[in-house]
Structure formats: structure tokens, C-alpha cells
Amino acid sequence: MKRVLTLPDARLRQKSKPVEVFDARLRTLIEDMQLSMQQGPGGVGLAAPQLGVLLRIAVVDCSLGLHPCKNNGRLLMVNPEIIYQSGKVLGREGCLSVPEWVATVSRSKKVTVRYQDLSGACQEVAATGFEARVIQHELDHLDGVLFIDRVLSVHDLVRRMS
Ligand code: ZN
């Protein structure tokens, strides 16, 4: 299991590159990501750059949350792209890479994501509510964007109670 990078690590701010090779190394990396995802509170998603690997990979599993919402279970997404989004909704977010803070962030209510699975085959998934939020949060990491960048007002940013 690899350690999850936290701010101010500069790798969290870089744009990740597409995955081109679908091999055993990719599968091992995705296994590491799933283990690391479960390290922290509310660990329902992780992006490869959070482990210092600048590749476009995100794992999401909202069935692991404390209060599981309607979800698609385990999503292992390589080269994911949001191809459809609608609605807007505010919600609370935190991040394993920004451990001390939570914030209210506006996200699309529904998204459809196109991605490649571990064998390189193209897949699509539609998500709503909390799962849609987690997907948008993780895909932001692939462009070096963190949820604190999307906070509209400083009053929406609060220290996590420990
Ligand atoms: Zn995050």
C-alpha cells in the first residue's frame, strides 16, 4: 500500500497523462489505489496522482461509504472523461490529500462518464447524487484541480473536526 500524498506536494497540481499500455503493472497500480483509498475517513475514491503516479486513472466505490447512496459499486476507470452532465447541487467534500479541511462545493447532479476498463475496452456509466460528486472530484485530480479550488466563498471552507 502506498502513502497518499497531501498538500503542498507539487505532484497534486500536475496534469496527468493518458494510459496507453494495459498490462500487469496497470493492474497492480489499480490494486494499490483501491487499498490506499480505504486508508482515510470516507475513502470512496482515489486518483492515481494522489499516489504520485501522473496517469489518468480513478477508482470510485460508493458502496464503501458510511452511508452508501445509490451507486454502481466499484468503478475502475482508466482515461475517464465526462461526456454528459446536468443540474447543479451543493454538497460537502473532503479529500485524503487535503486532510484537515472540508468544504461545500457545487457539482453537476448527474454525469455520464466514458472510460476504459483494465483490458482497454470502452465503457460508460451514469451516476447521480453523491456518486456523481465523487466521480467529478476524482476526475479533477487528473487535471491537478482540488476541491478547495472550487470553493465559492471562504466561509464554505471549514476545518475538519478530529
Ligand atoms: Zn481528493
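Along the chain, the donors of the zinc ion follow the spacing C-x41-H-x3-H. Donors here are N, O and S atoms within 2.8 Å of the metal (3.2 Å for Na, K and Ca); water is not among the atoms, so sites may look incomplete. The model is predicted: local features need pLDDT of at least 70, side-chain atom pairs count only at pLDDT 80 or more, and totals for chains, interfaces and linings use all residues. Residues are numbered from 1 along each chain as its sequence is written, and side-chain values use heavy atoms, with hydrogens and water left out.

The protein donors lie 2.1 to 2.2 Å from the zinc ion.

| Protein donor | Donor atom |
|---|---|
| Cys95 | SG |
| His137 | NE2 |
| His141 | NE2 |

Both His137 and His141 belong to helix H2 (residues 129-141), where they are four residues apart, about one turn of the helix. Helices (H or I, at least four residues) and strands (E, at least two) are DSSP runs, numbered from the N terminus. An α-helix has 3.6 residues a turn, so residues three or four places apart point the same way.

H2 has 13 residues and spans 19 Å from its first C-alpha to its last, close to the expected 18 Å, which is 1.5 Å times one less than its number of residues. Eleven of these 13 residues are buried, so H2 is largely enclosed by the rest of the structure. Buried means under 20% relative accessible area, exposed over 50%, and partly exposed in between (1.4 Å probe, protein chains only). His137 and His141 are both buried.

Strands S6 (residues 110-116) and S7 (residues 122-128) pair in the antiparallel sense over seven bridges; pairing requires that DSSP finds at least two bridges between two strands. Gln116 has Cys122 in S7 as its bridge partner. The two strands, S6 and S7, form a hairpin with five residues between them, and Gly120 in the turn has a positive phi of about 95°.
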